[in-house]
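Colleague: I have a structure open and some quick things to ask. Can we go through it together?
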Amino acid sequence: MLGGALDAPPGPSPAPAHRSRRRRRDLAPLVLLSPACLVLAVVTLAPIGFLVATSFTDYNQRTLFTGEYANVGLQQYTELLSDNDFWTSLLRTVIFTAAMVAGSVLIGMGVSHLLTRLGRGWRYTVTVVLIVAWAMPNVASSLVWNWLFQPGYGVANWALARLGIFGDTTSLNWAQDPMLAYIAIWLLIVWQAVPFIALTLNAAETQVPKEYLEAARLDGASEYAIYRIVTLNHLRPTLLLVTILSVIWDYNVFNQIWLISRGGPGDATSTLGVFTYKTAFVGFHIGHGAAVSVVTTLILLGLTAVYIRNLLKSGEDL
Amino acid sequence: MTRGGWKAKALAAAFCLVWAFPVYWMVNTAFKPRSEIFTSTPLFWPRHPTLGNFSTALSQKQFLTNLGNSVIVVAATVIVSIVLGIFAAAALSRFRFRGRRVIMVVILAVQMLPATALLIPMFVMFNSLDMLGTFAALVLAYVATVLPFSIWVMRGFFVMIPAEIEEAAHIDGAGNWRTLISVLFPLVAPGVIATGIFSFIAAWNDYLIAYTFMQDESRYTLPVWLASFTNPHTGTDYGSQMAASVIFAVPVIVFFLAIQRNLVAGMSAGAVKG
């Protein structure tokens with residue numbers, strides 16, 4: 001990317017191909033880095049240490065006022081592992097994440113491909129629509145969703161009633177039905193996730209060499225076969241990246257669920273994020289919430305490791 | 001198959017209709033008088049367009065205070081993370097030193113943490129420091145989420161500057177600092193602007209942290225103000241809620257359209273979560 005100096009292994013190397021002043025051991029990078037590193041250590045690394053420490057205590061509502069707490073060792077963790085609510089939330093999170101990622105990646109692939117088949121005017125229109133949907137702050141879009149799916153006057157219920165398949169749906173209460181609440185949240189997440197996926201994939205799809213596509217066409221391959229064999233093959237690295245990022249983001253979704261259903265009805269849409277939040281900030285069992293958060297983070301760390309390894313492999317200069 | 005076949009156009013039109021609908025419905029509702037909002041058959045455009053909902057939203061007693069809070073907190077976050085981030089990005093891109101790789105991996109990994117992993121310990125820490133509800137606490141929490149990706153994105157812009165430019169500056173007798181400040185910084189200015197906008201969006205949109213930290217209404221930021229429009233007891237005033245959503249979303253949409261070229265690269269850096 002930037003010539004030999006950046007690609008060389010760290011440390012003194014016997015015969016540097018490109019001598020550069022960057023090789024000199026000087027204090028400049030240290031001076032430049034230390035303010036940011038110091039701040040990051042205080043605002044991210046210290047809290048993580050604190051989170052782990054808190055998970056070994058019985059820190060709760062009382063502690064917030066008195067500052068008193070006791071060390072309980074691994075108790076929070078043993079309680080957690082025998083807690084049915086935790087396991088259901090975990091399972092729910094996995095299913096939610098899988099459904100959201102599948103929906104948004106598949107639609108995103110479709111839109112990306114559609115963009116390559118459009119003339120200038122339509123391509124521009126679709127891009128603007130994508131960016132506007134993407135830009136909507138999720139607090140605002142969650143409120144819009146509540147209004148779209150409002151029982152009584154919501155336009156979604158009206159449209160469903162007009163379709164007539166499900167009978168009179170005018171007063172359907174989406175947030176109060178486990179399946180419907182989930183569908184509404186799924187629609188919102190997919191609606192917001194598709195733009196990034198579609199635009200990222202499209203950027204990669206326009207890089208597919210034209211000659212390959214033309215050659216396949218001359219050989220009489222069907223459009224579907226060309227897509228599957230030529231295009232998808234080129235898209236694979238980008239697709240993998242987008243999928244991993246979507247898994248990480250969807251696994252962490254909180255605002256939309258909280259603002260649409262508060263995890264309800266009952267616990268029907270309570271994912272790990274909602275479960276942690278309720279434990280720590282509704283019941284104020286902060287020690288327990290910290291333990292849940294540690295476990296959540298460990299699972300996520302596995303996914304993140306895959307993402308980072310992938311970035312390294314894709315030639316990103318680290 | 002030619003570009004722009006009718007099938008593709010029809011699909012594009014259908015997609016635009018579906019995807020633009022929620023935004024259109026927000027705007028449509030915002031301009032309707034109450035009598036046109038609650039109708040058994042929805043009205044697809046306001047018969048008697050009104051700005052009443054906007055004035056109701058804007059005259060909420062906390063609106064201006066909360067807008068002011070948002071501006072203070074977001075501005076502080078953007079400034080702090082740009083200033084700290086640009087030097088770190090320069091170090092990570094223009095120098096080679098021991099431990100660089102480790103720092104980069106840590107910066108990348110920190111961005112992927114679930115929100116509660118920082119929220120819970122920060123809540124505990126700020127509570128014991130008696131800082132809950134202060135702007136400083138909120139800014140620190142935002143810097144934690146925004147600084148790593150600011151470094152990451154700006155580093156991407158530094159990496160694109162050819163090494164020859166730097167070498168030329170050195171031959172002309174400029175030292176390290178001189179080169180950095182008068183040669184490299186101006187060249188990454190577009191990247192700094194894009195990063196600033198990303199940070200703005202992330203901090204401006206945050207609901208979870210402000211909702212947890214700021215218990216006093218007069219200390220709310222705009223997203224918390226916006227979400228508290230939902231009142232289960234009095235019934236929701238959808239007209240002014242949608243008007244408020246428009247007011248809140250417009251700056252973000254404008255910024256998104258302004259930086260659309262850098263959007264994909266910036267998002268891949270892992271922030272501005274949906």
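Colleague: How many residues of chain B are in contact with chain A?

Modeller: 85 residues of chain B are in contact with 85 residues of chain A. Two residues are in contact if their C-beta atoms, placed from the backbone, lie within 7 Å. This is a predicted model: local features need pLDDT of at least 70, side-chain atom pairs count only at pLDDT 80 or more, and totals for chains, interfaces and linings use all residues. Residues are numbered from 1 along each chain as its sequence is written, while chains are lettered from A and ligands numbered from 1 in the order in which they are written.

Colleague: Which helix gives the largest share of the side of chain B that touches chain A?

Modeller: Helix α1 (residues 6-30) of chain B, with 13 residues. Helices (H or I, at least four residues) and strands (E, at least two) are DSSP runs, numbered from the N terminus.

Colleague: And how do the residues on that side of chain B divide?

Modeller: Into 60 nonpolar, 17 polar and 8 charged. Ala, Val, Leu, Ile, Met, Phe, Trp, Tyr, Cys and Pro count as nonpolar, Asp, Glu, Lys and Arg as charged, and the others, Gly among them, as polar.

Colleague: New topic. Which residues are buried in α5(B)?

Modeller: I103(B), M104(B), I107(B), L108(B), V110(B) and Q111(B). A residue is buried if 20 or more other C-beta atoms lie within 10 Å of its own, exposed if 12 or fewer, and partly exposed in between.

Colleague: Why are they on the same side of α5(B)?

Modeller: Because they cover an arc of only 165° around the axis. The arc is that of the directions from the helix axis to the C-beta atoms.

Colleague: What do they pack against?

Modeller: Helices from both chains: α2 (28-54) and α14 (286-313) of chain A, plus α4 (63-94) and α7 (135-159) of chain B.

Colleague: Now chain A. How many helices and strands?

Modeller: 14 helices and 0 strands.

Colleague: Is chain A a compact globule or more spread out?

Modeller: More spread out, because its radius of gyration is 25 Å, well over the 20 Å that the globule rule gives for 318 residues. The radius is taken over C-alpha atoms, and the rule is 2.2 Å times the number of residues to the power 0.38. Along its principal axes, the C-alpha trace of chain A spans about 65 × 65 × 30 Å.

Colleague: What share of chain A is buried?

Modeller: 42% of its 318 residues.
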